[in-house]
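Good morning, and thank you for coming. I shall present a few local features of one structure, which is now shown to you.

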Amino acid sequence: MGSAGSDEMPWRFRRVGLIVTGQTEELCLPDLFRRLTSEGTCSFTVIRRVDQRSPVESPKRKLRMIGTGKVIPSKDEEQIGAPARRFLLRQGGDYVLLIDDLEADRAARVDGIFRRYRLALTTMLPAELRSKVAVHFFVNMLEAYYFADAAAINSVLGTEFEDFTGDVETIQHPKNELKSLYPRFDEMEHGVEIVGKLDIAHVLGPRDVCASLRTMFTWAGEAVGVTDWLLEGRLFDATKDQIEALRQALHGSGG
């Protein structure tokens, strides 16, 4: 693996702040990106854990926001917008990546969830920084990707599973699925170890699976200038436009 540098994007160390929505993610997500950090050119650090957000659909709530002149809910401003702004403008950060799950009925509301998070991240930022924040999703949750690299599960649990046949992003509740196969599975204790062994290149090897995860890693790779290891493949409709927005910000429309 090597860094994909260019004259348009000169090398320098890049810092990515993560906003996450789960305890396991808070502990292990920086390690998920070790394929990008292994050469010491970038870092991924959790800067905030927040509760999951849903679209603001209540007419009464919308009216209250309008009446107070707010574009986003106060808790989004305080817990998402403010940490992102602080990281980028005061703490020397380069990018902010918010990651949430799309479990259960959330998948059907992905566009509204995405819009709420994007607004929370961008409302308090100057226009030139808005391409440096992104929202991406685990589908249906982080544990889905364990099934795409059974060797990682087996090395931690001592099992003899084989890689899932098909797209792991179609597994409805991967955490429960894993617990049904291995009742002693602990999502934090074992999950942190499994993430530390996941081979993301293996997980993303088949080009027609893991569209959401591939979209996230494509955006992150572009952000930190490490892209040559990632094969092209299917991207996730709800989040893929952020990649082109970032590319244009970095390299211009012709880059």
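Let us begin with Thr-159, which is found in the loop between helix 6 (150–157) and helix 7 (174–181). Please keep in mind throughout that this is a predicted model.

Is Thr-159 buried or exposed? Its relative accessibility is 17%, and buried means under 20%, so Thr-159 counts as buried.

I turn next to the surroundings of Thr-159. Leaving aside residues up to four places away in sequence, Thr-159 touches Ile-153, Asn-154 and Tyr-182. With Asn-154 there is also a polar contact between the two side chains, at 2.7 Å.

Let us now move to the aromatic residues. How many aromatic pairs does the count give? The count comes to 5 aromatic pairs. One of them is formed by Phe-33 and Phe-44, and this pair is stacked, with 4.3 Å from centre to centre and 0 degrees between the planes. The pair links distant parts of the chain, its members being 11 residues apart. Phe-33 lies in the loop between helix 1 (23–32) and helix 2 (34–37), whereas Phe-44 belongs to strand 2 (residues 42–49).

Both Phe-33 and Phe-44 are buried. Together with Phe-217 and Trp-229, Phe-33 and Phe-44 form one aromatic cluster.

I close with another ring, that of Tyr-95. What sits over the ring of Tyr-95? It is the charged end of Lys-132, placed 5.6 Å from the centre of that ring.

Terms used. Residues numbered from 1 in each chain as written. Predicted model: local features only at pLDDT ≥ 70, side-chain atom pairs only at ≥ 80, totals over all residues. Heavy atoms only, no water. Helix = DSSP H or I, 4+ residues; strand = E, 2+ residues; numbered from the N terminus. Buried < 20%, exposed > 50% of the residue type's maximum accessible area, 1.4 Å probe, protein only. Polar contact = N/O pair within 3.5 Å; in protein donor to acceptor, adjacent residues only side chain to side chain. Contact = heavy atoms within 4.5 Å. Phe/Tyr/Trp six-rings, centres within 6.5 Å; stacked < 30°, edge-to-face > 60°. Lys NZ or Arg CZ within 6 Å of the ring centre and 35° of its normal.
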